[in-house]
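Please go through the model below by question and answer, with the cut-offs stated where a term comes in.

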Amino acid sequence: NATQTVFGEGTIRARAMLVGEQPGDVEDEEGRPFVGPAGALLRKVMGEVGLREREVYLTNAVKHFKWRPKGTRRIHDTPNWTEIRACDVWLRLELSTVQPELLVLLGATAAKAVLGGKARVTQLRGSVLERPEVEVPVVVTLHPSAVLRAGDQRAERRAELVEDLTIVREQLDGRARTSAARRQAVPWARAVTVMTIRSTKGITR
């Protein structure tokens with residue numbers, strides 16, 4: 001059995017929510033998400049693309065570590081659909097609380113949890129998606145643990161993760177610029193409104 005339930009971590013003002021599969025062995029022991037080897041890789045890549053940790057909320061689709069014994073070690077075991085659905089209420093609660101600008105799904109389990117059982121990372125990654133299953137734009141990418149397990153293809157898989165998180169960074173930058181432009185436009189709009197009102201009053205008189 002898992003040692004404990006591992007919930008998400010980050011500020012409720014986070015601009016992006018990153019959702020993985022489930023806690024690993026280290027996460028289960030420490031009670032925090034993404035603090036094991038896969039988490040270290042994720043944080044390193046985030047740093048490379050300029051995605052700051054204070055901008056993100058980190059969580060998992062399944063909140064407990066599912067494992068099978070191998071000697072004295074606890075080996076990761078993929079959660080089944082029943083386990084994914086059982087934790088759905090917590091993920092939806094996190095989404096409604098944080099209300100991120102962008103949802104990033106790391107790996108197949110996270111993609112299936114949000115987009116349905118037929119979701120495939122290889123078919124969905126590489127772009128920003130607007131999907132009816134969720135109200136926020138979505139980016140699907142590899143789970144960093146898949147990069148670590150990729151063997152001779154590790155460099156290629158890592159490059160794909162970097163590419164997708166760069167899309168996240170660029171998307172957030174674009175939204176920030178749009179928001180700033182709107183804020184700058186408001187005083188002008190108010191000034192025009194005031195001038196119009198004054199002009200109309202003058203004509204009335």
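Q: Which element gives the most residues to the lining of the largest pocket?
A: This is a predicted model, where local features need pLDDT of at least 70, side-chain atom pairs count only at pLDDT 80 or more, and totals for chains, interfaces and linings use all residues. Residues are numbered from 1 along each chain as its sequence is written, and side-chain values use heavy atoms, without hydrogens and water. H1, H2, S4 (73–76), H5, H6 and H7 (144–148) each supply at least two lining residues, where helices (H or I, at least four residues) and strands (E, at least two) are DSSP runs numbered from the N terminus. With four residues, the top contributor to the lining is strand S4.

Q: Which residues are closest to the centre of the largest pocket?
A: A pocket is an open set of points on a 1 Å grid over the protein atoms alone, where a 1.4 Å probe fits, with protein on both sides within 12 Å along at least five of seven lines; lining residues have an atom within 4 Å of a point. The space in the largest pocket is about 890 Å³, a volume filled by probe spheres set on the points, which are joined across faces, edges and corners. Of its 33 lining residues, the closest to the centre are Glu-21, His-76, His-143, Ser-145 and Arg-149.

Q: Why is helix H5 largely enclosed by the rest of the structure?
A: Buried means under 20% relative accessible area, exposed over 50%, and partly exposed in between (1.4 Å probe, protein chains only). The buried residues are Thr-109, Ala-110, Ala-111, Ala-113, Val-114 and Leu-115. H5 (residues 108–115) is largely enclosed because the buried residues number six of eight.

Q: Is Phe-34 buried or exposed?
A: Phe-34 lies in the loop between H1 (25–30) and H2 (37–49). Its phi is positive, about 55 degrees, although Phe-34 is not a glycine. With a relative accessible area of 4%, Phe-34 is buried.

Q: Is Gln-99 buried or exposed?
A: Gln-99 lies in the loop between H4 and S5. Gln-99 is not a glycine, yet has a positive phi of about 50 degrees. At 62% relative accessibility, Gln-99 counts as exposed.
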